Amino acid sequence: TPQVGDITAVTAGTGISGGGTSGAVTVSIDTSVTADLTTAQTLTNKTLTAPKINLAFNAQTGTTYTLVAADSGKLVTSSNAASVVITIPANIFAAGEQINVQSIGVGLTTISGGAVTITSTGASAIAPILRARYSAATIICTASNVFTVIGDLS
């Protein structure tokens, strides 16, 4: 007869597997139902409730800056009294990656391609310029070494 306070069974609920009624009982995360943050997993057909992704920043104050892989998904700000050139390097970004840029200084910011192809609606389609202070644009890699720049361009 079980004593008061004795555990007589362990039943695994949603997201947990294992359990038992005697002896050593093991329970573990059912990774087909619950994300296990200690291992790499791919979310397939999962619903994210109220997801929140904060934008990271990369503040630049010089007159030139060459984008780096870590800029993907960030807002790169350029702040200088003189004109600023942001260069997109070759062989760094993959299709679908995006980099946001904003000119927060009085010097206008030009987006340069170097050894990549740039398309945009700016007056200079291959080297678009942010229209004014606080103008912003998004650089989208559409294919290997091919980028589209959309935003407040002159």
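Trainee: Why does Ser-103 count as buried?

Mentor: Buried means under 20% relative accessible area, exposed means over 50%, and partly exposed lies in between, with a 1.4 Å probe and protein chains only. Ser-103 has 1% relative accessibility and therefore counts as buried.

Trainee: On what basis are such values given?

Mentor: This is a predicted model, in which local features need pLDDT of at least 70 and side-chain atom pairs count only at pLDDT 80 or more, whereas totals for chains, interfaces and linings use all residues. Residues are numbered from 1 along each chain as its sequence is written, and side-chain values use heavy atoms, with hydrogens and water left out.

Trainee: Where is Ser-103 placed, and which residues is Ser-103 in contact with beyond its neighbours within four places in sequence?

Mentor: Ser-103 belongs to strand S8 (residues 98–103); strands (E, at least two residues) and helices (H or I, at least four) are DSSP runs, numbered from the N terminus. Contact means heavy atoms within 4.5 Å. With neighbours within four places set aside, the contacts of Ser-103 include Ser-78, Thr-109, Leu-130 and Tyr-134.

Trainee: Why does Asn-145 count as buried?

Mentor: The relative accessibility of Asn-145 is 18%, so this residue counts as buried. Asn-145 sits in the loop between S11 and S12 and has a positive phi of about 60° although it is not a glycine. A polar atom of its side chain lies 2.7 Å from the backbone nitrogen of Asn-91.

Trainee: Why does Ala-50 count as exposed?

Mentor: Ala-50 has 70% relative accessibility and therefore counts as exposed. Its phi, near 50°, is a positive value in a residue other than glycine, and Ala-50 lies in the loop between strand S3 (27–29) and strand S4 (57–60).

Trainee: What makes S7 and S9 a pair of strands?

Mentor: Two strands pair if DSSP finds at least two bridges between them. S7 and strand S9 (residues 109–112) have four bridges, in the parallel sense; Thr-109 in S9 is the bridge partner of Val-84.

Trainee: Why is the pair of Phe-93 and Phe-147 edge-to-face?

Mentor: Rings of Phe, Tyr and Trp (its six-membered ring) pair if their centres lie within 6.5 Å; planes under 30 degrees apart count as stacked, over 60 as edge-to-face and the rest as tilted. The structure holds one aromatic pair. The centres of the Phe-93 and Phe-147 rings are 6.2 Å apart and their planes stand at 90°, so the pair is edge-to-face. The pair links distant parts of the chain, 54 residues apart: Phe-93 in the loop between S7 and S8, Phe-147 in strand S12.

Trainee: Why are Phe-93 and Phe-147 called buried?

Mentor: Phe-93 has a relative accessible area of 6% and is therefore buried; Phe-147 has 1% relative accessibility, so Phe-147 counts as buried.

Conventions:
A polar contact is a pair of N or O atoms within 3.5 Å; within protein, one must be able to donate a hydrogen and the other to accept it, and residues adjacent in sequence count only if both atoms are side-chain atoms.
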